[in-house]
Amino acid sequence: MNKQFSLAGLLRLRHLQQDEAAGQLASANARLDGTSVERNRARAALGATRTDVTSTESLYAMAAGRASLRSMLADLDSMICQQQNEATRADDAFKQARAHAMALEKLETKHVKAVKVEELRSEQATLDELVGVAWHATHKAVTP
């Protein structure tokens, strides 16, 4: 039996694909986390706007600021939705790449076991032959 796993090159490729998919998933999750932090800051800023109005100008400025923050929140919510979809796709791609790699890893494990069994079988045959030769040699020397 060939000691080298014949699909080793494909297994290396599958591991590279899995690593790439893991990197894309990590990147998508990092973008999502960053946008979530931004959204939380914008919400905190919207809630922290001052309510003491001293003039019409300050009322207009406060209204414009709050409208701007609401618009930014809507944009951030939309971006988070898009990034969640990207993260889901990246997670699916990673799971698929992992499944492909695992299938080949199982084949490799079976191959390694088969090679080991063949090695042990060969070793046992050699030992049996040596015992047989030694036994014949001792019995020939004993018989008159």
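Residues are numbered from 1 along each chain as its sequence is written, and side-chain values use heavy atoms, with hydrogens and water left out. Because the model is predicted, local features need pLDDT of at least 70 and side-chain atom pairs count only at pLDDT 80 or more, whereas totals for chains, interfaces and linings use all residues.

**Overall architecture**

The protein has 2 helices and 0 strands. These elements are DSSP runs numbered from the N terminus (helices, H or I, at least four residues; strands, E, at least two). The radius of gyration is 35 Å, well over the 15 Å that the globule rule gives for 144 residues, so the protein is more spread out than a compact globule. The radius is taken over C-alpha atoms, and the globule rule is 2.2 Å times the number of residues to the power 0.38. Along the principal axes, the C-alpha trace spans about 130 × 25 × 15 Å. Helix H1 covers residues 8-47. Helix H2 covers residues 56-142.

Lys116 is found in helix H2. The C-alpha atoms of Lys116 and Leu76 are separated by 58 Å, and the two residues are 40 apart along the chain. Lys116 counts as partly exposed, at 45% relative accessibility.

Contacts were then sorted by sequence separation. A contact means heavy atoms within 4.5 Å. Among contacts between residues at least 6 apart in sequence, 87% join residues at least 24 apart.

**Burial and the nonpolar core**

Buried residues make up 17% of the 144 residues. Buried means under 20% relative accessible area, exposed means over 50%, and partly exposed lies in between (1.4 Å probe, protein chains only). The protein exposes about 10500 Å², and carbon and sulfur atoms supply 58% of this area. Accessible areas come from the Shrake-Rupley method with a 1.4 Å probe; for residues, only the protein chains shown count as cover.

The largest nonpolar core has 5 residues: Ala42, Leu46, Leu69, Leu73 and Leu76. H1 and H2 are the elements that give two or more residues to this core. The largest share, 3 residues, comes from H2. Such a core is a set of buried Ala, Val, Leu, Ile, Met, Phe, Trp, Tyr and Cys residues joined through side-chain atoms within 4.5 Å. Leu76 touches Thr35, Glu38, Arg39 and Ala42, not counting residues up to four places away in sequence.

His111 lies in helix H2. At 15% relative accessibility, His111 counts as buried. With residues up to four places away in sequence left out, His111 touches Asn2, Lys3, Gln4 and Phe5.

**Salt bridges**

A salt bridge is a side-chain nitrogen of Lys or Arg within 4 Å of a carboxyl oxygen of Asp or Glu. The count by this rule comes to 7.

Glu119 forms a salt bridge with Lys3, with the closest N and O atoms 3.2 Å apart. The pair links distant parts of the chain: Glu119 is in helix H2, Lys3 is in the segment before H1, and 116 residues separate them. Glu119 is partly exposed, with a relative accessible area of 31%. Lys3 counts as exposed at 56%.

Asp77 and Arg43 also meet through their side chains in a salt bridge (3.9 Å, N to O). This pair too links distant parts of the chain, with Asp77 in helix H2 and Arg43 in helix H1, 34 residues apart. Both are partly exposed, Asp77 at 29% relative accessible area and Arg43 at 44%.

The side chains of Arg121 and Glu118 meet in a salt bridge of 3.6 Å, N to O. These residues are separated by about one helical turn, because they are 3 residues apart in helix H2. Arg121 is exposed, with a relative accessible area of 53%. Glu118 is partly exposed, at 35%. Elsewhere, salt bridges that share partners join Arg39, Arg43 and Asp77 into one network.

**Nonpolar surface patch**

Leu7, Leu10, Leu13 and Leu107 form a nonpolar patch on the surface. Together these residues have about 290 Å² of accessible area. Patches are made of residues with over 30% relative accessible area and no salt bridge; like charges are joined within 9 Å, and nonpolar side chains (Val, Leu, Ile, Met, Phe, Trp, Tyr) within 5 Å. Leu10 lies in helix H1. Leu10 is partly exposed, with a relative accessible area of 33%.
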